[in-house]
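This report describes selected parts of the structure shown below, beginning with a single side chain and ending with the surroundings of the ligand.

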Amino acid sequence: IKMTCWILVVVAILAVRGLHGLDNGLGLTPPMGWLTWERFRCNMDCDRDPDNCISEHLIKAMADIMAANGYRDAGYEYVIIDDCWLGPERDTNGRLVPDPNRFPSGIKNLSAYVHSKNLKFGIYQDFGTKTCGGFPGSEFYMQTDAETFADWGVDYLKFDGCNSNLYDFPSGYEAMGFFLNKTGRSIFYSCEWPFYKIVSGLQVDFAKVRKTCNLWRNYYDVQDSWSSVLDIVNFWGSNSKIFTKYAGPGGWNDPDMIILGNFGLSYEEERVQMAMWAILAAPLIMSNDLRHIRSSSKALLLNRNLIAINQDKLGIQGILLQKQNGIQIWSRDLSFNRTAVAFLNENSDGMPRFLSFSLVDLKLTSSTYNFTEAFDMKTNILVTRQRPLKIKVNPHGINLYIAKEMHL
Ligand code: GLA
């Protein structure tokens, strides 16, 4: 019966909409914002931990800081609640109900508060019968939930895939996208559909994912550690041919949240995550405690040069050129005939590595380039066919440059 329902939904969608795919005008560059999950998880213990439990208090506090401390002005615009905002049951009309103790003013008022700070508001739901945290999921309620979100002023939906049938994903995610569009409200649509399929060893139709979603997770959740960030980077490196080409204005591959400012990364490792997420044209969705953040982490998060690379209008996702002896070379084509080139040193051997690369190594075909160090945009290095790029890269560190052809 379930399968028949899906087939009917899909036939209805195709009849109304044709096969043109997602066209909601959103996500022309990768989204930027803040999300509860990595840092605050499913903390519902407001008695013992009132400032950190998932609640309207937490969301308002982050919105205040994003507006007051430069994050919004740097481009971070979405404030998103992940799992564990719901109460245990729907109401008698089948509508979703937030936990009344932690969200006493209701979600509509919370989104109005976020909007009053000139920020956008996002929320989480799940395609299956329950969310990953065990709260009521959207299965069989997708239209109702899409309408509820629009009514509440939601601007961004993260739609998870726990407690569902993997084979229903293409039609189910498409159905939710259809109902979101039908509300008439512009709602950015973030999906987890490829991740669950890939880790189950199943193929993903990325062309269809791109038509359906503005953003899609391909791999495991980021954790608060260097090994997790590196594992994600390596997965992206070894799967470039599978999903890289589907990224572009309107839809992006999602290597998960930015964890700068938390417990697990050193300063060098934080530089790696910011620079690599720029190379990967990845969303800059932070999950951290902006009330307590090191100034060095904040400076990286607000680094306009890195953000400009991340947000480059062409939206071409970078690729791994080569990896040797724990040194990865990544390259991303940018607008104005520029190329971002990153050198990532995975090694833990304490001393910086001295490295030398020719233009051929870097797949740069002209004879002369100016390499500008990209974190500060202050140092320039001339590289020619005869003169290689000589650099020093810290352990667990990254050097990032913007290469521009020179006509001498
Ligand atoms: C999954 C997702 C995470 C987060 C949790 C919430 O694990 O991948 O990003 O949304 O569910 O329960």
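Arg-39 counts as partly exposed because its relative accessibility is 22%, where buried means under 20% relative accessible area, exposed over 50% and partly exposed in between, with a 1.4 Å probe and protein chains only. Arg-39 belongs to helix α2, helices being DSSP runs of H or I with at least four residues and strands runs of E with at least two, both numbered from the N terminus. Leaving out residues up to four places away in sequence, Arg-39 touches Asn-262, Phe-263, Ser-287, Asn-288 and Asp-289, a contact meaning heavy atoms within 4.5 Å.

The model is predicted, so local features need pLDDT of at least 70 and side-chain atom pairs count only at pLDDT 80 or more, whereas totals for chains, interfaces and linings use all residues. Residues are numbered from 1 along each chain as its sequence is written, and side-chain values use heavy atoms, with hydrogens and water left out.

## Ser-287

Ser-287, one of the residues that Arg-39 touches, sits in the loop between β8 (284-286) and α13 (295-301), and counts as buried because its relative accessibility is 0%. A polar atom of the Ser-287 side chain lies 3.0 Å from the backbone nitrogen of Glu-38, and a polar atom of that side chain is likewise 3.0 Å from the backbone nitrogen of Arg-39. Beyond its neighbours within four places in sequence, the contacts of Ser-287 include Trp-34, Trp-37, Met-257 and Asn-262.

## Helix α3

Helix α3 (residues 56-68) has 13 residues and should span 18 Å at 1.5 Å a residue, which agrees with the 18 Å between its end C-alpha atoms; the expected span is 1.5 Å times one less than the number of residues. Among the buried residues of α3 are Leu-58, Ile-59, Met-62 and Ile-65, and the buried residues of this helix pack against β1 (32-35), α2 (37-40), α4 (71-74), β2 (78-80) and α5 (107-116). Just after α3, Gly-70 adopts a positive phi of about 95 degrees.

## The ligand site

The residues surrounding the ligand include Trp-37, Asp-160, Glu-192 and Asp-221, a residue being counted if one of its heavy atoms lies within 4 Å. A polar side-chain atom of Asp-221 is 2.6 Å from an oxygen atom of the ligand, and for Asp-160 the corresponding separation is 2.9 Å. Taken alone, the ligand exposes 310 Å², of which the protein buries 91%, the areas coming from the Shrake-Rupley method with a 1.4 Å probe.

Key: Polar contact = N/O pair within 3.5 Å; in protein donor to acceptor, adjacent residues only side chain to side chain.
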